[in-house]
Amino acid sequence: MNSHLQTHQLRNLGWVGLVASIGLYVVLQNLISLGFGDETLVLRTAPVMEGQKFGNAFVSNSQILIVIISTFLFASTVMLLEKTKLGHAIRGVASNPDLCILLGIDKNLVIGWAIAIGSGLAATGGILSGLDSDISPTVGFRLLLNSVVVMIIGGTGGIRCLPLAAIFLALAQHTAAYYLDAKWMDSVAFLILIIFLIWKPLGLSGRHFKKIEI
Amino acid sequence: MDYLLHLIVFVLIYGMVALSLNVASGFTQLISLAQAGFFWVGAYTSAILATQYGWPLWVNLPLGMLVAGVVALPVALVALRTVEDYFIICTMGMGVILFSVMNNWMELTRGPMGIPGIPSVSLFGHPLTEKWEWVLLAGCFYALVFWVAHNFKRSALGRILVGISEDEIFCQSLGKNVGLAKLQSFVLGAMLAAVPGALYAHYVSYIDPTSFTIHESIFVLSIIIVGGMGNLWGSLVAAAFMILVPEALRFVGLPSGIAANVRQMLYGAALILVIWLQQTKGRVAVNNLLEKQAKI
């Protein structure tokens, strides 16, 4: 009976977190919209320059900066998760929270750290994308959609396949924009997600994850 | 007075959408964010048939339900392969795809320009122009949808769904076809969402894609979470609360530019608050039970 109650509670927690975070998203977006208005704002301070030429492509300086910073952050996140004590604790809580409590790991503290690090990375992503394209209160939604798709097709088990998934998604979206129309970019992202959920539900990494299996 | 009746029509329409979401996800606890999409399918089917062919609501509404059901079937087949968070994300993706289709398929839906001039409903040759007549009409449909949802909850299928929300694998081990039950409830929920959609199109007489974004799905979700998942009367009370409170803010003298933001913040905050209260209350209840068990 005890275990039944506990599993029931855990099961409910499954969607509760996501729904509450959607609520938080709505509140934050509207706070920003109240504070800064709905119009599109420009983040960059320097005038637009031609950028560097690689073959036939022009790459702006801010885009080069984005590539460097995100590669660095990805590498350090991998290092954090695989080499440090905190990283081990985060992965431990992800795979078996009950066992972690037995081993003296403070579950809530670790979850707090994970959320803090994740939010920091998300904020960096927001700033970097703001450098490239301009910002408005609703700009986060598209980033969110794309990153969720990348997370699932990259495989939720580990993070090493994520860059591969991100490049794959970006290529697919821009191929669609080139051959069809830019307006279908969001739909293409989700079509890819659906295809993955049907034929490759474990993502590119192929690791098992309890929520997708049933 | 007309303003108040107008608000009542809206409460009834959103109450119906909340009921349909309750059928689709309230009993199984599989939260769908595609409901505004099916609401849209009902509204657009009805609007297109009414403006292009001049058909009345009585023909458009069943056809809208049919189209919504046909659209929902593949959506459900794909989305139901996942559970919990992934189900929410997957249905959110379906909602985005449906929105893109209606926003970009210019030939059929006229895209962002919307469909104007949808005729009002006429009953026995008498066109419904007064607000109170619309309240009666929406009330009748609300009662009908409520009756369907109520009986659905008590039916054999409804009991399987409640079983799924408690323990899916145990339910399966009793020989219940869990997948089929989830599929049926999802499709039925989508078909019911088309009813308020058709009414909305004929009532407002102009529809455009911006009334059916993902925010609309979140709004309906917050209605059923505030009203209690699977609680049918709660949906109506919560719909009234969520629609009337932001309207009341108008009389406080908020400028209309801010009012829209405040309305959205209100339902976002309600979502967080209710979940927080439920979680703490649930945890206290579980702890009390565990203590009682320990004493025995």
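Author: Start with one term: pLDDT is the predictor's confidence in each residue, from 0 to 100. We need it here, since this is a predicted model. Chain A has a mean pLDDT of 77, and 82% of its residues reach 70 or more.

Reader: What is the mean pLDDT of chain B?

Author: For chain B the mean is 80, and 93% of the residues reach 70 or more. The model as a whole scores ipTM 0.75 and pTM 0.79.

Reader: Which elements of chain A have the lowest and the highest mean pLDDT?

Author: Helix α9 of chain A, residues 210-213, has the lowest, at 45. Helix α2 of chain A, residues 61-83, has the highest, at 87. In chain B, the lowest mean belongs to strand β1, residues 122-123, at 71. The highest there is 86, for helix α9 of chain B, residues 178-204.

Reader: Where in chain A does pLDDT stay under 50?

Author: One stretch is residues 1-12 of chain A, with 9 contacts beyond four places in sequence. Another is residues 210-214 of chain A, with 10 such contacts. Where pLDDT is low, the predicted coordinates should not be read in detail.

Reader: What is chain B built from?

Author: Chain B has 12 helices and 2 strands. Its order along the sequence is α-α-α-α-α-β-β-α-α-α-α-α-α-α. Chain A has 9 helices and 2 strands. Chain A reads α-β-β-α-α-α-α-α-α-α-α.

Reader: How do you know whether the radius of gyration of chain B agrees with that of a compact globule?

Author: Set the two values side by side. A compact globule of 296 residues would have a radius of gyration near 19 Å, and chain B has 20 Å, so the two agree. The C-alpha atoms of chain B fill a box of roughly 70 × 45 × 35 Å along the principal axes.

Reader: What makes N22(B) buried or exposed?

Author: Count its neighbours. The cut-off for buried is 20 or more other C-beta atoms within 10 Å. N22(B) has 27, so it is buried. N22(B) sits in helix α1 of chain B, residues 2-26. Beyond four places in sequence, its contacts are A149(B), I224(B), G230(B), L232(B) and S235(B). G228(B) lies 206 residues away from N22(B) in sequence, yet their C-alpha atoms are 9.3 Å apart.

Reader: Why is R110(B) called partly exposed?

Author: Partly exposed lies between the cut-offs: 12 or fewer neighbours is exposed, 20 or more is buried. R110(B) has 19 C-beta neighbours inside 10 Å, so it counts as partly exposed. R110(B) belongs to the loop between α5 (106-109) and β1 of chain B. Its C-alpha is 9.7 Å from that of P209(B), 99 residues apart along the chain.

Reader: What does the helix rule give for α6 of chain A?

Author: It expects 22 Å for the 16 residues of helix α6 of chain A, residues 139-154. The helix reaches 23 Å from its first C-alpha to its last, close to that value. Among its buried residues are L145(A), V149(A) and I153(A).

Reader: What is the angle between α7(B) and α9(B)?

Author: Helix α7 of chain B, residues 156-166, packs on α9(B) at about 110°, with the axes 10 Å apart. Angles of 65 to 115 degrees count as roughly perpendicular. So α7(B) is roughly perpendicular to α9(B). From α7(B), the contact uses L157(B), I160(B), L161(B) and I164(B). From α9(B), it uses V178(B), A181(B), K182(B), Q184(B) and S185(B).

Key. Residues are numbered from 1 along each chain as its sequence is written. Chains are lettered from A and ligands numbered from 1 in the order in which they are written. This is a predicted model: local features need pLDDT of at least 70, side-chain atom pairs count only at pLDDT 80 or more; totals for chains, interfaces and linings use all residues. Helices (H or I, at least four residues) and strands (E, at least two) are DSSP runs, numbered from the N terminus. The radius of gyration is taken over C-alpha atoms; the globule rule is 2.2 Å times the number of residues to the power 0.38. Axes are lines fitted to C-alpha atoms, for helices over the stretch in contact, and angles run from 0 to 180 degrees between N-to-C directions. Angles under 35 degrees count as roughly parallel, over 145 as roughly antiparallel, 65 to 115 as roughly perpendicular and the rest as oblique. Two residues are in contact if their C-beta atoms, placed from the backbone, lie within 7 Å. The expected span of a helix is 1.5 Å times one less than its number of residues.
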